[in-house]
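Biologist: I would like a close look at a single part of this model. Please take the salt bridges and what surrounds them.

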Amino acid sequence: MKLELEHTLSFIGPEAMKMYETQVATTYNTIYEKTGAGNDFLGWVNLPTEIDESLLSDLEKTAATLRAKSDIFVVVGIGGSYLGARAVIEALQNHFAPLSGERPLIVYAGHNMSEDYLTELLAILDTKDYSLAVISKSGTTTEPAIAFRILKQHIIHKYGEQEAASRIVAITDKARGALKQLANVKGYKTYIVPDDVGGRFSVLTPVGLLPIAVAGIDIRELVAGAIEMEKMCKSNPTLNGNIVSEYAVVRHILYGLGKTNEIMVNYEPRLVYFSEWWKQLFGESHGKQHKGIFPASVTFSTDLHSMGQYIQDGLRNLFETVISVEQSNHELRIPMEDEDLDQLNYIAGKRISEVNHKAELGTMLAHEDGGVPVLRIVIPEVSAKVIGQLIYFFEMACAVSGYMLEVNPFDQPGVEAYKKNMFALLGKKGYEAQTEALSKRLGGI
Ligand code: PA5
């Protein structure tokens, strides 16, 4: 995998990056020596190389058992407790997994509070064999807790207490939280989320690895990719020749130039959820103290026919980070037609990916002309190993650029505001003062 910056350097000047050499080296030191803000959440830094063989084998064994008895596997979680797994699974599974006959089909719950969504899910689960993982580090998050209460009743009703318990895996904190107590009482198989790994950095813990393994993806390859990137960063914790640092510095410079929105661009729809994971990683890590780049995402060429207009001609506060895939997993060529009524014979014989690459190049040049700097992360293919590399790449880049922004990249104090209001509006015990204040504000609840 490589990072190409030539469509960015014209915006920031060739010398701009040099000024950050010392700061980058100091920042790595802060991370590796654990001396910065949020330093008790740096467990992800050595996680790939330190993953226990016995944990991997155990996850594979559990996954095999669940796969054998499930048409559907439900991943119950929100934010960092589901996005990593979904990003990897959707990147690597068949686009038409629900129709392809591959089983189990991985579906998600607890990431919304839609009554319709849950009702329709239950209707499907009535007719299929299923198992589930309930994932919550805190063990107290409302969305997955509600979904799990409903699914727990459903699965017990369907299979009886004992068999239901064998179809439920809980992934949570080692001691704290309602989910841990519940799992203990009910005797569920349980995996621990390490204390020092925050939700959005937890994809390479059982949080991500169990669902990914249940989906039939090689978790060892995923981890192997992350190990490569971990070692690369450790062997060269500088700006020179380290693509993680280069990415962090370039986006920092662009931010200083008023490019406050970063758009993650893909030309492969299998990467849509990878962008969702990336948005959470950077949005939740950097968006604080009224600072931070707003992370957005598009899929091209699809969105060239919608958001493309804005990117080309709208407010010039944007830059793009393109994930460019060199090699497709399949080969399909545009056929020749004698009549050529649709006038496509000029590209007959070409692979679809060749046309897609030309769209990518043409778009990049157009956006550069339109005042949008474009960074390119070129990956050879979409495989478990490469996705593992990308995961660690962005995790470390997020930490480095978070410290450069002078925020704590590992907390999320802003997430509490909506929860307090929601609990107050629902009349939860302990929120009486807030309920009264909101009642006054709204003229009654
Ligand atoms: O990154 C984070 O910490 C959050 O996005 C959490 O993952 C999310 O809020 C879910 O939390 P929990 O796993 O405690 O249910």
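Modeller: Start with Arg176 and Asp195, whose side chains meet in a salt bridge at 3.8 Å, N to O. The term salt bridge means a side-chain nitrogen of Lys or Arg within 4 Å of a carboxyl oxygen of Asp or Glu. Arg176 lies in the loop between strand 5 (168-172) and helix 10 (178-186), and Asp195 in the loop between strand 6 (189-192) and helix 11 (206-214), so the pair ties together parts that are 19 residues apart in sequence. Helices (H or I, at least four residues) and strands (E, at least two) are DSSP runs, numbered from the N terminus.

A word on the source. This is a predicted model, where local features need pLDDT of at least 70, side-chain atom pairs count only at pLDDT 80 or more, and totals for chains, interfaces and linings use all residues. Residues are numbered from 1 along each chain as its sequence is written, and side-chain values use heavy atoms, with hydrogens and water left out.

Back to Arg176. Arg176 also forms a salt bridge with Asp173, and here the closest N and O atoms are 3.0 Å apart. Asp173, Lys174, Arg176 and Asp195 are linked in a network of salt bridges.

How do these residues sit? Asp173 is buried, with a relative accessible area of 2%. Arg176 is exposed, at 56%. Asp195 counts as partly exposed, at 37% relative accessibility. The cut-offs are under 20% relative accessible area for buried, over 50% for exposed, and partly exposed in between (1.4 Å probe, protein chains only).

By the salt-bridge rule, the count comes to 26. Another one joins Arg376 and Glu360, with the closest N and O atoms 3.0 Å apart. Arg376 lies in strand 10 and Glu360 in helix 16 (residues 352-369), so this pair ties together parts that are 16 residues apart in sequence. Both Arg376 and Glu360 are buried.

Now follow strand 10 (residues 374-379). Strand 10 runs antiparallel to strand 1, and three bridges join the two. Lys2 has Val378 of strand 10 as its bridge partner. Two strands pair if DSSP finds at least two bridges between them.
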